[in-house]
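Please open the model in a viewer with side chains shown. The tour below moves from one selection to the next and says what is there.

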Amino acid sequence: MLGSSRESLAACQEGLDARRQESGFAQLAGELFAVAGILDNESPLLTTLADSGQPRSVRNGLVQQLFVGKVGDLAVDVLLMVVDRRWSSAADLLMAIELLADQAVFTVAESDGTLDATEEELFRFGRALDASSALQMTLTDPAQSSAVKSAVVGDLLSGRSTRATAEVLGYAVGHLHGRRIDSVVDDLCALAAKQRERVVAEVKVAAPLDEAQASRLADALTRLKGRTVRLNVAVDPSVLGGVQVKIGDEVIDGTVSARMEQARRALLG
């Protein structure tokens, strides 16, 4: 992707990351893959959704008309976020939905502790492709349907991979869009690695942070953890002031309410 598409994808990836704690996230990837599969077979619809010359109300209306009730509310919101952006081509919009689905898969894998295994399995699958011209031919044969190719991958991985590995490869091999399969697998490895390098901090504050405050906090936490830290900020007036940060099992509580509780315990003790 180049130009406006690259910027739009980055914005959508940030937007998706911010919603990782929401209800329905575990099902999001499958729903986005399903929508991408439909759009891949409906060129006029895809072109309309990617056409920034069409009024936003038209593009949003199509998403709502076609997908509300068919996929979850979160998936509809993500699709609306995508079609609201500017894309250089219809193919870029389709690829963006697929990449967001991959990101959702890897986010769930990170949460359930299988991301490292998934990355290793993707790497090994790539090496298996390099070593087997027969497998490459099977998975790139234009005479074979997407379903058949996905079934081949499913048989190869059956009982020997994480759910995340099976999900992203099962979709990817049936939707190469003219790309080399080894290149697609390498891209999936890179996405998994990027997800592993990302840390999400759950931040609780009494009042919304402005952009500069959020940036300073993210930079400070990034230096502290040695990995890129992204913020999920929740406003909770009960903390009274200050900031509470939770990264995994680690909690840094600098809120006024926490200090008051410490003082109360000290007085009672």
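**Stops along the chain**

Select R56 and D84: the two form a salt bridge, with 3.4 Å between the closest N and O atoms. The term salt bridge stands here for a side-chain nitrogen of Lys or Arg within 4 Å of a carboxyl oxygen of Asp or Glu. R56 belongs to helix α4 (residues 56–67) and D84 to the loop between α5 (73–83) and α6 (90–112), so this contact ties together parts 28 residues apart in sequence. Helices are DSSP runs of H or I with at least four residues, numbered from the N terminus. D84 is partly exposed, at a relative accessible area of 30%. On this scale, buried means under 20% relative accessible area, exposed over 50%, and partly exposed in between, with a 1.4 Å probe and protein chains only.

This is a predicted model, in which local features need pLDDT of at least 70 and side-chain atom pairs count only at pLDDT 80 or more, while totals for chains, interfaces and linings use all residues. Residues are numbered from 1 along each chain as its sequence is written, and side-chain values use heavy atoms, with hydrogens and water left out.

Next, select R127. R127 forms a salt bridge with D130, the closest N and O atoms lying 3.1 Å apart. Both residues sit in helix α7 (residues 115–131), 3 residues apart, or about one turn of the helix. R127 is partly exposed at 33% relative accessibility, and D130 is partly exposed at 44%.

R127 lies over the face of F123, 4.7 Å from the ring centre. For a charge to sit over a ring, NZ of Lys or CZ of Arg must be within 6 Å of the ring centre and within 35 degrees of the ring normal.

Move on to D17, R20 and E110, which are linked in a network of salt bridges. The structure holds 9 salt bridges.

Which kind of aromatic pair do F33 and Y171 form? The pair is stacked, at 4.4 Å centre to centre and 20° between the planes. Rings of Phe, Tyr and Trp (its six-membered ring) pair if their centres lie within 6.5 Å; planes under 30 degrees apart count as stacked, over 60 as edge-to-face and the rest as tilted. F33 lies in helix α2 (residues 25–40) and Y171 in helix α10 (residues 163–172), so the pair ties together parts 138 residues apart in sequence. Both F33 and Y171 are buried.

Key:
Helix = DSSP H or I, 4+ residues; strand = E, 2+ residues; numbered from the N terminus.
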